[in-house]
Amino acid sequence: MNRSMNVLSRGKQNWLKLAVVGLMVLFPLATTRAAAPEPQPPAQDRAAWMDEARFGMFIHWGIYSQLGRGEWVMNREKIPVAEYEKLAATFNPVKFNAEEWVRIAKDAGMRYIVITSKHHDGFAMFGSKVSPYNIVDATPFKRDPLKELAAACQKYGIRLGFYYSHAQDWHHPGGAISRGPWDPRQKGDFDTYFQKKALPQIRELLTGYGPVAVLWCDTPWQMTPEKARQITRLVRELQPATLINSRILYHGRDIPSLSPEQLSELRDIGVDFLSYGDRQIPANPFPDWHWETCMTLNRSWGYRADDHDWKTPATVIRMLVEVTSKGGSFLLNVGPTAEGVIQPEAVAILRQVGDWLKVNGESIYGAGRANLKSPAPAARAPRGRRGEGAAETGPDWLATARPGKLYIHLFRWPQEPFALKGVSGSVEKVSLLADPAHEPLRFQQDDDTVTVHLPPKALDDRDTVLCLELR
Ligand code: H79
């Protein structure tokens with residue numbers, strides 16, 4: 001039994017307890033009369049699909065994409081509001097094709113998409129009645145790309161979620177601002193901004209675009225638990241299945257140091273998964289939470305013309321495997337151009353990752369933590385903050401698992417027979433996922449050590465996956 005399954009069932013047990021306690025409160029007579037309460041079906045775990053999906057596409061796209069200096073350009077260069085607003089008049093992404101974007105995600109093996117519906121600049125990338133500062137009313141494009149994406153996602157069976165900068169807004173008076181304000185127009189009352197713009201726009205997103213998989217909040221400057229509850233109440237009222245990330249109240253970087261009280265407050269508020277810091281794969285994620293980490297494909301979120309520092313497909317695969325081996329989901333970013341094009345460099349990397357997943361997907365989708373008794377191999381050297389250098393410095397291998405199967409991701413091909421320690425259960429068959437015939441490999445098992453005789457060369461230099469079938 002692998003640990004991720006234990007975690008799932010522990011989660012279910014907790015829900016069961018809650019449901020039972022809830023029933024005892026609601027029906028005290030029934031529970032005193034009945035000797036034993038009827039077993040209740042476990043309450044639904046809204047976020048269970050994340051374990052199945054594991055891999056999503058993050059999209060940062062806005063009127064800032066025209067400048068090619070990232071989504072923080074207005075703030076970093078202290079561009080006055082009136083001047084930044086002019087970017088709307090020239091935003092016309094004529095090459096935007098929702099189906100093409102969704103196909104790129106699908107071919108990469110991604111199972112969900114999260115797109116910026118409004119970033120910190122305050123500009124809505126959807127038709128909003130709440131504020132005219134939106135793509136339909138303020139640009140020559142006049143189309144609603146989120147509507148088009150929602151339709152394309154429905155067609156291709158991909159879930160769609162919306163990033164919404166719920167606290168920071170550099171356009172609306174009173175919106176929260178990190179390193180500001182720099183323009184008198186930004187001054188105002190945060191609560192007014194929150195009630196008059198943030199909540200009404202979140203309502204629009206959850207009513208006009210079909211099922212919303214995730215409401216992805218970010219940088220909760222000035223947020224309080226009460227305000228977070230206002231959002232979760234609204235979301236649950238409109239779409240009970242929509243997931244909400246922990247950034248509704250806590251910055252990603254603060255997640256590892258949250259206290260048990262803070263974590264249970266998050267659960268109580270209605271948060272569905274922990275969202276760790278930007279570009280940070282946590283060392284020891286909390287085991288009883290769904291979690292996600294977001295990563296850039298180069299060094300930027302929003303399009304940056306001068307950023308050519310692309311991660312290799314091998315690095316991306318390693319990161320996806322590491323996240324899966326810790327039971328999380330990997331949200332990998334693209335920053336399309338102002339014309340609406342996902343950069344060809346990004347598409348090429350994603351296609352290679354997708355090709356790897358077509359062969360090795362069973363070790364990722366629905367797979368999770370392995371319960372090897374001996375510790376996972378250590379990384380060779382600490383990795384850069386932005387995740388660079390993973391392929392050069394990471395461990396030789398990592399393990400993922402599902403009930404009855406253990407997957408060893410070999411990043412470096414062993415020179416000798418591969419000895420794996422700490423295996424619980426008896427191994428019945430060992431094969432390579434990249435071998436189309438799944439030809440059994442020769443192996444011996446001594447207690448909890450399994451020694452596998454591998455072919456002389458890796459089948460895939462980036463990650464050849466060894467599959468151990470267990471009894
Ligand atoms: O949407 C992406 C980022 O814009 C957002 N989170 C991800 C998913 C984010 N918001 N705030 N931060 C990240 C922290 C911001 C740090 C920096 Fe900067 C912005 C570093 C460089 C630009 C502020 C301005 C600090 C230095 C210059």
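Which residues in helix 12 meet which residues in helix 13?

## Helix 12 against helix 13

In this predicted model, Pro-313, Val-316, Ile-317, Leu-320 and Val-321 are the residues of helix 12 that meet Ile-349, Gln-352, Val-353, Trp-356 and Leu-357 of helix 13. Sorted by class, this contact of helix 12 with helix 13 holds nine nonpolar residues, one polar residue and no charged residues.

Two packed helices are described by the angle between their axes and by the distance between those axes. For helix 12 (residues 313-325) and helix 13 (residues 344-360), the axes come within 9 Å and cross at roughly 50°, and the two helices are therefore oblique to each other. The crossing in which helix 12 passes helix 13 is right-handed.

## Helix 6 against helix 8

A second pair can be described in the same terms. The axes of helix 6 (residues 98-107) and helix 8 (residues 145-156) come within 8 Å, with a crossing angle of roughly 45°, so helix 6 and helix 8 are oblique to each other. Helix 6 passes helix 8 in a right-handed crossing.

On the helix 6 side the contact is made by Ala-98, Glu-99, Trp-101, Val-102, Arg-103 and Lys-106, which meet Glu-148, Leu-149, Ala-152, Cys-153, Lys-155 and Tyr-156 on the helix 8 side. The residues of this contact divide into seven nonpolar, no polar and five charged.

## Aromatic pairs

The count of aromatic pairs in the model comes to 20. One of them is formed by Trp-49 and Tyr-112, whose rings lie 5.3 Å apart from centre to centre, with 80° between their planes, an arrangement that is edge-to-face. This pair links distant parts of the chain, since Trp-49 belongs to helix 3 (residues 48-53) and Tyr-112 to strand 2 (residues 112-118), 63 residues apart.

## Backbone details in two loops

Most residues other than glycine have a negative phi, and most peptide bonds are trans. Lys-142, found in the loop between helix 7 (135-138) and helix 8, has a positive phi near 65°. A cis peptide bond, with omega about 0°, joins Gly-180 and Pro-181, and Pro-181 has its place in the loop between strand 3 (159-164) and helix 9 (190-207).

## Confidence of the prediction

The protein averages a pLDDT of 91, and 87% of its residues score at least 70. Over residues 1-13, however, pLDDT stays under 50, and the model has 20 contacts beyond four places in sequence for them. Over residues 20-41 pLDDT also stays under 50, and for these residues the model has four contacts beyond four places in sequence.

Terms used: Residues numbered from 1 in each chain as written. Predicted model: local features only at pLDDT ≥ 70, side-chain atom pairs only at ≥ 80, totals over all residues. Heavy atoms only, no water. Axes fitted to C-alpha atoms, helices over the stretch in contact; angles between N-to-C directions. Helix = DSSP H or I, 4+ residues; strand = E, 2+ residues; numbered from the N terminus. Parallel < 35°, antiparallel > 145°, perpendicular 65-115°, else oblique. Left-handed = near helix turned anticlockwise from the far one by under 90°. Contact = heavy atoms within 4.5 Å. Nonpolar A, V, L, I, M, F, W, Y, C, P; charged D, E, K, R; others polar. pLDDT = per-residue confidence, 0-100. Phe/Tyr/Trp six-rings, centres within 6.5 Å; stacked < 30°, edge-to-face > 60°.
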